[in-house]
Amino acid sequence: MIIKEINLRKMNMTMKSPFTTSFGSMQVKEFLLLEVTDELGNTGWGESTAFSAPWYNEETVETNLHIIKDFLIPLVLNRNFGHPDEVSELFAPLRKNNMAKAAVEGAIWDLYAKRNKLTLAEALGGTAEKIEVGISIGIQKSTVELVELVGTYIKKGYKRIKVKIKPGNDIEIIRALRGAYPDVPLMADANSAYTLKDIALLQQLDEFNLMMIEQPLASDDIIDHAKLQKELKTPICLDESIHSMEDARKAIELGSTKIINIKIGRVGGLTESKKIHDYCMDKGVPVWCGGMLEAGIGRAHNIALTTLPNFLLPGDTSGSSRYWEEDIIKPEVVAEDGYINVPKAYGIGYEPNLDVMNRYTVEQFYFKG
Ligand code: OSB
Ligand code: MG
């Protein structure tokens, strides 16, 4: 499989509503899309999950553009790959920039699956025909509005509700949600908003029977999380702190986390995601698939990954219509009663909707081998 052409697009789409975390609010989503073509004319698609500004991690759309154009594309163009696992090996000498690497690697995984007449799920070794999904809800203007909004998503059948918390916006909202919905599978994501000074406060969450608390402490920490976990009944799930299977191993060995959120971009691609999945499965640590407010291409990759057997908890991969007026794939991703059916078509299983895609493309770069 020789990579002969790459088309890189910079996209700009606006979400239906702003998404607010402990860092701030976003509604406009800029991101990169990649289409790779092999010597036989097969194609594969990848999406970068870096945001416009470096608040979730250090990468941005512009740093990804630089790394992809100036370092990654020169490595893959004209190269003959036997298997997509070779891509992350090839990228290993370049430090970090995981979201940039994952976008290129993801496109090559899709290409490989299509060329070999496999679904991406099959190429990864996944078997589930449908996946259970939850929803991640940003910080709202008031607790009353949040409780009402959560109610609408429970009615739609989502299998797990995640809400964002931050200091001053935590115990009260969880108490209100538990009061209104005593039995719903509920969890909270802090996006690193707390420190060990908040142990007593975080212990108050223990009475609400949360499935987990996601990334309560610093994005680069695994030591303090281990201290915190010893003081909490609620399981800790790490998101921002995990960039590789080695990070997962260390965090699990230290007792910093009992559950891992796998995001393909954050860990540098599907090959590393699978390694984390396999390691966690061996250790009896459940994983779930996180989200980065993806458009259709990235969402399709998340669905394929989630078919692996240790994705035991519902992830953040909701239907397209939860984010977008119109998505860039056809058909769009549909979540019904908390399930997404895994597509049967080869590769990511969805076609690019070129009309829609072109309308939201602000810049294109073409590379030929
Ligand atoms: O921490 O999981 C997170 C969105 C942007 C950045 C970080 C996170 C999130 C979400 C939303 O929680 C997940 C989604 O719906 O795609
Ligand atoms: Mg998170």
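1. Thr20 stands opposite Ser25, a residue of strand β2. The two strands concerned, β1 (residues 3-21) and β2 (residues 24-38), pair in the antiparallel sense over 14 bridges; strands here are DSSP runs of E with at least two residues, helices are runs of H or I with at least four, both numbered from the N terminus, and two strands count as paired if DSSP finds at least two bridges between them.

2. This is a predicted model, in which local features need pLDDT of at least 70 and side-chain atom pairs count only at pLDDT 80 or more, while totals for chains, interfaces and linings use all residues. Residues are numbered from 1 along each chain as its sequence is written, chains are lettered from A and ligands numbered from 1 in the order in which they are written, and side-chain values use heavy atoms, with hydrogens and water left out.

3. The open sheet contains four strands in the order β3-β2-β1-β15, with antiparallel pairing. Its edge strands, β3 (43-47) and β15 (361-368), each pair on one side only, and the twist averages 20° from one strand to the next; axes are lines fitted to C-alpha atoms, for helices over the stretch in contact, with angles running from 0 to 180 degrees between N-to-C directions.

4. Helix α1 (residues 61-76) packs on this sheet and touches β1, β2 and β15, its direction making about 160° with that of β1; contact means heavy atoms within 4.5 Å. Helix α3 (residues 98-115) also packs on the sheet, touching β1, β2 and β3, and its direction makes about 150° with that of β3.

5. Which residues coordinate the magnesium ion (ligand 2)? They are Asp189 (OD), Glu214 (OE) and Asp239 (OD), at 2.1 to 2.3 Å, and along the chain these donors follow the spacing D-x24-E-x24-D. Asp189 lies in strand β7 (residues 186-189) and Asp239 in the loop between β9 (236-238) and α9 (245-254), 50 residues apart. Donors are N, O and S atoms within 2.8 Å of the metal (3.2 Å for Na, K and Ca), and water is not among the atoms, so the site may look incomplete.

6. Both Asp189 and Asp239 are buried, that is, under 20% relative accessible area, where exposed means over 50% and partly exposed lies in between (1.4 Å probe, protein chains only).

7. The structure holds zero disulfides, a disulfide being a pair of cysteine sulfur atoms within 2.5 Å. The closest cysteine sulfur to that of Cys280 belongs to Cys237, and at 9.8 Å it is too far for a bond. Cys237 counts as buried because its relative accessibility is 0%, and Cys280 is buried with a relative accessible area of 0%.
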